[in-house]
Amino acid sequence: MKTKTSIIAMASLLSLATSCGQAIPSKEWQIKTAVMAAPEEYRDGAKVYGYDNDGSFTTLREGNNAYICLADDPTKEGFSTAAYHKELDEFMARGRELKAEGKEGQEIFDIREAEVKAGTLKMPDKATLCVFNGTVHPETKEIEDPYVRYVFYVPFATGESTGLPTTPTPPGHAWLMDAGTHRAHIMITPPKE
């Protein structure tokens, strides 16, 4: 039994060491790949959030236009960055704050919905989010198979108010997700090549 406990303890330490030793990409690479999520005309002046050498979420670059970009989270599997209109920053920051407190999914949704309705959390009447995915080439670190999908927030919109379907549609067709809620948004998912 003692040996089994020792093996479990060693495995736990190895797992912890591996996660703590997670390589954080350079600031330059994080910025370069984060801005790929933004429309091209906004990339140079976008603010960029990412991760410092110890893995803490931080501002990598200040911005001077309407976009904020998020670098890929090195603790998550796969590659994904995002860019959103600066008017969404308070809403997004609140989501990150709640997640850091250990809250997840529906609980975060419910808390932010209540705060938006109470007027204590600012949610713009319309704003864009772009999500960029791809594969990181193991040697060159270039992003391969790039793919962007679009989200256009229209809080409390419904199928009736927009004329959009409220169930997923074929790629390239717009539809309204989370209809009637603070997080109602038009999804546009282009077909993959």
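Reply: A salt bridge is a side-chain nitrogen of Lys or Arg within 4 Å of a carboxyl oxygen of Asp or Glu. This is a predicted model, where local features need pLDDT of at least 70, side-chain atom pairs count only at pLDDT 80 or more, and totals for chains, interfaces and linings use all residues. Residues are numbered from 1 along each chain as its sequence is written, and side-chain values use heavy atoms, with hydrogens and water left out.

Me: How many salt bridges by this rule?
Reply: The count comes to ten. In one of them, the side chains of Glu113 and Lys117 meet at 3.3 Å, N to O.

Me: Where do Glu113 and Lys117 lie?
Reply: Both are in helix α4 (residues 105–118), four residues apart, about one turn of the helix. Helices are DSSP runs of H or I, at least four residues, and strands are runs of E, at least two, numbered from the N terminus.

Me: Is Glu113 buried or exposed?
Reply: Glu113 counts as buried, at 13% relative accessibility, while Lys117 is exposed at 58%. Buried means under 20% relative accessible area, exposed over 50%, and partly exposed in between (1.4 Å probe, protein chains only).

Me: Which residues are linked in a network of salt bridges?
Reply: Arg94, Glu97 and Glu115.

Me: New topic. Where is Asp73?
Reply: Asp73 sits in the loop between β3 (67–70) and β4 (79–85). Asp73 is buried yet has no salt bridge; Lys76, the nearest side chain of opposite charge, is 4.3 Å away. Lys and Arg count as positive and Asp and Glu as negative, with His and the chain ends not counted.
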